[in-house]
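I opened a new structure today and kept notes as I went.

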Amino acid sequence: PDGRDVILIGNDMTIKAGSFGIAEDDIFQKASALARAKGLPRVYIACNSGARLGTVEELKPLVQIAWADPKDLMKGFEYLYLKDSDMAKLPPDSVRSHTVSVNGETRHVLDAILGLNLPSTKGGIGVENLQGSGLIAGETSRAYDETFTLSYVTGRSVGIGAYLNRLGQRNIQMVHGPMILTGFQALNKLLGQQVYTTQDQLGGPHIMVPNGVTHELVANDQDGVEAILNWLSYVPETAFSVPPIVSPTDLATRKVQFRPSKSPYDPRHMLAGVHVDGDYQAGFCDEGSFKEYMEGWGKTVVIGRGRVGGLPVGIVAVETRAVERHIIADPADTTSHDIYEPQAGQVWYPDSAYKTAQAIRDFNRGENLPLLIFANWRGFSGGTRDMFAEVLKYGAMIVDALVEYKHPVTIYLPPNGELRGGAWVVLDPKINPDQMEMYADVEARGGILEPPAAAEIVFKQDKHVLEMMHRLDETLQGLDARAAKGEDVAKAVKDREKLLLPMYRQVSVMYCDLHDRSGRMKGLGAIREELTWADSRSYLHWRIRRRMQENG
């Protein structure tokens, strides 16, 4: 109700198609630097044509052509020049030239056109605008590190305009606002044929949503403004303060009603709640407060912002169902075709690991959000294709992002969830002990390998299972006694072992499973506390609030 102070930067498409010249770069940089100095949210409304391109207009009617053969122009030309009389009219630093004499005429052969003191170059026409683009690119990168940055792409955003959106990281894209580096006409000329027909083929929503550049897609400017305001509602007044705790729509003490199952389920139901047979089952977040971002990228991970008892939090959760990654065909490559890659639930792939690291950085910078990770990963996808696709690099980026985190981080293993091997490693609180705490539901599991795989190793491929049989089974004990007396009971022993093996293998799996339970995690100090799902919301709300107070 009191409103918010923000620094708003936008392009004006009515002035030279919204292009960036020296003056525009200068005011952009100063406004962004002001946002950094005051810690205010910096919102950029992007609709532009990139760096401004122009020429020295005053020379166009003066320039002369030295034809190789004036009688046959198809033989080409040798150079461009100015007449001596025209050269005398120009101010200093208009051109760089050298003189030649042709048939008694003094010619000023053009070596370079500067136009430094001519009206048409005011505001920049070339490389000086690229310098300005570098200025605001560096400024935007610094702004992302120091305050909250958000871009709304309401129309085409070209070259430096597209880079500014990515450097600010958080992007809302309107369906008719492509982000491109070069126009499709220029690419067609480069390729020597008509390949692309629209800018959307290069940077429309079907490109920028699946690759994670776009965090949220909207249909029109009305929805775009609402999306900006909704995002700002999770953001602190300044980068130096904590996010606002609003009057909760749900009491922090209410129970969590939706319960994650052992079979695959939609994690959004766990977070936001769901209507089942006409009855509403409340999720972990306040009703109506969870908002998902980057939905179309790295689909094995769910990223969003929500509230828990009015407390804003950044959320990372795990998709437990199988999903599909779509890689589109490139019109420039006639041999390419759409590719659909299946991805298993509860697994980090290169795209979803990168998405996780990106979200953690976003929550930490400018948003100052407490981070809540519902950890339910079986591990990283380490196959040939994914190793080549740099899953190791992106997994390491998760650690880098957590090391830098300056606000409370809560890792919670939900009921029927599990955290295994490398997935545990990149989330362990020892990465950042000042900020990270780990909790496990009493029905959660954690360990190096899943029990069936662990049992095969630690029971020496049934060697110890057979020893257990002979130690515990009365029939085998009797057969062993008879064998000790010299009787030939080998076939009877083999038959009995074969009969009991499936059941005893289940015993070995259960034995390994008992090592992975929350009780052992708590006993070893690997987690801070065991929680019950229904009461976890209340416990974590107050625990996070206390840690925020302790952080000051």
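My entries follow, topic by topic.

**Ground rules.** I'm working with a predicted model, where local features need pLDDT of at least 70, side-chain atom pairs count only at pLDDT 80 or more, and totals for chains, interfaces and linings use all residues. Residues are numbered from 1 along each chain as its sequence is written, and side-chain values use heavy atoms, with hydrogens and water left out.

**Helix H10.** H10 has 15 residues and reaches 21 Å from its first C-alpha to its last. That is close to the expected 21 Å, the expected span being 1.5 Å times one less than the number of residues. How much of H10 is buried? I found 14 of its 15 residues buried, so H10 is largely enclosed by the rest of the structure. (Buried is under 20% relative accessible area, exposed over 50%, partly exposed in between, with a 1.4 Å probe and protein chains only.) Just after H10, I noted Gly366 with a positive phi of about 80°.

**Aromatic rings.** I counted pairs next: rings of Phe, Tyr and Trp (its six-membered ring) pair if their centres lie within 6.5 Å, with planes under 30 degrees apart called stacked, over 60 edge-to-face and the rest tilted. The count comes to 18 aromatic pairs. One of them, Trp348 with Trp377, is stacked, at 3.8 Å centre to centre and 20° between the planes. The two are 29 residues apart, with Trp348 in strand E19 and Trp377 in the loop between strands E20 and E21. Trp348 is buried at 0% relative accessible area, and Trp377 is buried at 0% too.

I then checked Tyr439 and Tyr539, which pair edge-to-face at 5.7 Å and 70°. Tyr439 sits in strand E24 and Tyr539 in helix H19, so this pair ties together parts 100 residues apart in sequence. Tyr439 is buried at 0%, while Tyr539 is partly exposed at 29%. I also wrote down a cluster linked by ring pairs: Phe284, Phe374, Tyr412 and Trp533.

**Salt bridges.** The rule here is a side-chain nitrogen of Lys or Arg within 4 Å of a carboxyl oxygen of Asp or Glu. How many does the structure hold? I got 40 salt bridges. Glu437 and Arg547 are both buried. Arg254 and Asp250 meet at 3.0 Å, and both are buried as well. Lys75 bridges to Asp69 at 3.3 Å; Lys75 is exposed at 54% and Asp69 partly exposed at 22%. I found a network too, linking Asp266, Arg268, Glu292, Glu319 and Arg321.

**Surface patch.** Last, I looked at a nonpolar surface patch of Val63, Ile65, Trp67, Leu73, Met74, Phe77 and Leu80, with about 660 Å² of accessible area together. Strands E3 (64–67) and E4 (77–83) each give it two or more residues. Nonpolar side chains (Val, Leu, Ile, Met, Phe, Trp, Tyr) are joined within 5 Å and like charges within 9 Å, using residues with over 30% relative accessible area and no salt bridge. The areas come from the Shrake-Rupley method with a 1.4 Å probe, and for residues only the protein chains shown count as cover. Met74 lies in the loop between E3 and E4 and is exposed, at 76%.

How values were computed
Helices (H or I, at least four residues) and strands (E, at least two) are DSSP runs, numbered from the N terminus.
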